[in-house]
Amino acid sequence: MSSVQGARVVVTGAGGGIGAALARRFAAEGDTVVVNDLDADKAAAVAEEIGGIALPGDASLIVEAAREALGGTVDVYCANAGVGSPGDGLAGDDVWSDAWDVNVMAHVRAGRALLPEWLERGSGRFVSTVSAAGLLTMIGAAPYSATKHAALAYAEWLSLTYRHRGLKVHAICPQGVRTDMLTASGTAGEQVLVPTAIEPEAVVDALFTAMADNRFLVLPHPEVARYSQARAHDTDRWLRGMNRVQRAWEEAAE
């Protein structure tokens, strides 16, 4: 893709899964990639593999260090780090706080650090790994579902507010992806996500197609568009259908 070749790219949560696949693809396109992950060993391994720069640590706090490592600027920022955070309506504040901090505020903090430079020069690309849960929902995961809705809302806000000033924003909303997060999703993930799960590389292919088309919404599972339309068209019918999925999950767990 000529639009990103030679770019300086940051990928958070890049020690495995979608993040590692993103880092590999950007590097293959000729970009310089900062590989961020809380796990320093995983970040180092991926960085060594692709000839990138390992930058372990909290994704919320790395923009300045990444900018310095890339020679003074960031062209593409992939806000990919996330937590699955299962829990029902009784989930504690600690679970909600962790989900909010990683799935939402890490994106907000990155945007706050990147926007001044991007708006001044009139270009920049923000890639948000959301989830189909941000458009729909996920049974058994109230904190995850709510914070992914918020992450999508933030990405939408960035796009509608700054697109005329050169900012390009993409929101990736897959269903099941064969990663450690899917493995940790338990029986809810096995019921809802595993049957149609795809490889991380397929998610990246969908992103690069969207970037070529300058398209905001990235749907590696195209059927998510149909589900989202059904949800908007008749919300109560959609909720009844999801409640049937919920009840089937509860019955299977008995």
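Asn-214 is placed in the loop between α9 and β7 (217-218); helices (H or I, at least four residues) and strands (E, at least two) are DSSP runs, numbered from the N terminus. The model is a predicted one, in which local features need pLDDT of at least 70 and side-chain atom pairs count only at pLDDT 80 or more, while totals for chains, interfaces and linings use all residues. Residues are numbered from 1 along each chain as its sequence is written, and side-chain values use heavy atoms, with hydrogens and water left out.

Asn-214 has a phi near 55 degrees, a positive value in a residue other than glycine. Most residues other than glycine have a negative phi. With 46% relative accessibility, Asn-214 counts as partly exposed; buried means under 20% relative accessible area, exposed means over 50%, and partly exposed lies in between (1.4 Å probe, protein chains only). Ser-85 is not a glycine either, and its phi is positive at about 40 degrees. Ser-85 sits in the loop between β4 and α4. Its relative accessibility is 10%, and Ser-85 therefore counts as buried.

The next topic is charged pairs. A salt bridge is a side-chain nitrogen of Lys or Arg within 4 Å of a carboxyl oxygen of Asp or Glu. By this rule there are 11 salt bridges. One of them joins Asp-75 and Arg-8, with the closest N and O atoms 3.2 Å apart. Asp-75 belongs to the loop between α3 (63-69) and β4, and Arg-8 to strand β1 (residues 8-11), so this pair ties together parts that are 67 residues apart in sequence. Asp-75 is buried, with a relative accessible area of 16%, whereas Arg-8 is partly exposed at 30%.

Another salt bridge links Arg-25 to Asp-205, where the closest N and O atoms are 2.8 Å apart. Because Arg-25 lies in helix α1 (residues 17-28) and Asp-205 in helix α9 (residues 200-213), the pair ties together parts that are 180 residues apart in sequence. Both partners are partly exposed: Arg-25 has a relative accessible area of 25%, and Asp-205 has a relative accessibility of 42%.

Glu-117 and Arg-67 also form a salt bridge, and their closest N and O atoms are 3.0 Å apart. Glu-117 is in helix α4 and Arg-67 in helix α3, so the pair ties together parts that are 50 residues apart in sequence. Arg-67 is buried, with a relative accessible area of 12%. Salt bridges with shared partners join Arg-8, Glu-64, Arg-67, Asp-75, Glu-117 and Arg-121 into one network.

Last comes the empty space inside the model. Rolling a probe the size of a water molecule over the atoms shows where such space is left. A cavity is a set of points, on a 1 Å grid over the protein atoms alone, where a 1.4 Å probe fits but cannot get out; lining residues have an atom within 4 Å of a point. Grid points are joined across faces, edges and corners, and a volume is the space filled by probe spheres set on the points. The structure holds one cavity of 30 Å³ or more, and the largest cavity contains about 30 Å³ of space. Its lining consists of Thr-12, Ala-59, Tyr-77, Ala-79, Asn-80, Ala-81, Ala-106 and His-107. β4 (76-79) and α4 (93-121) each supply at least two residues of this lining. By class, the lining has five nonpolar, three polar and no charged residues; Ala, Val, Leu, Ile, Met, Phe, Trp, Tyr, Cys and Pro count as nonpolar, Asp, Glu, Lys and Arg as charged, and the others, Gly among them, as polar.

Notes
On a 1 Å grid over the protein atoms alone, a cavity is a set of points where a 1.4 Å probe fits but cannot get out, and a pocket is an open set with protein on both sides within 12 Å along at least five of seven lines; lining residues have an atom within 4 Å of a point.
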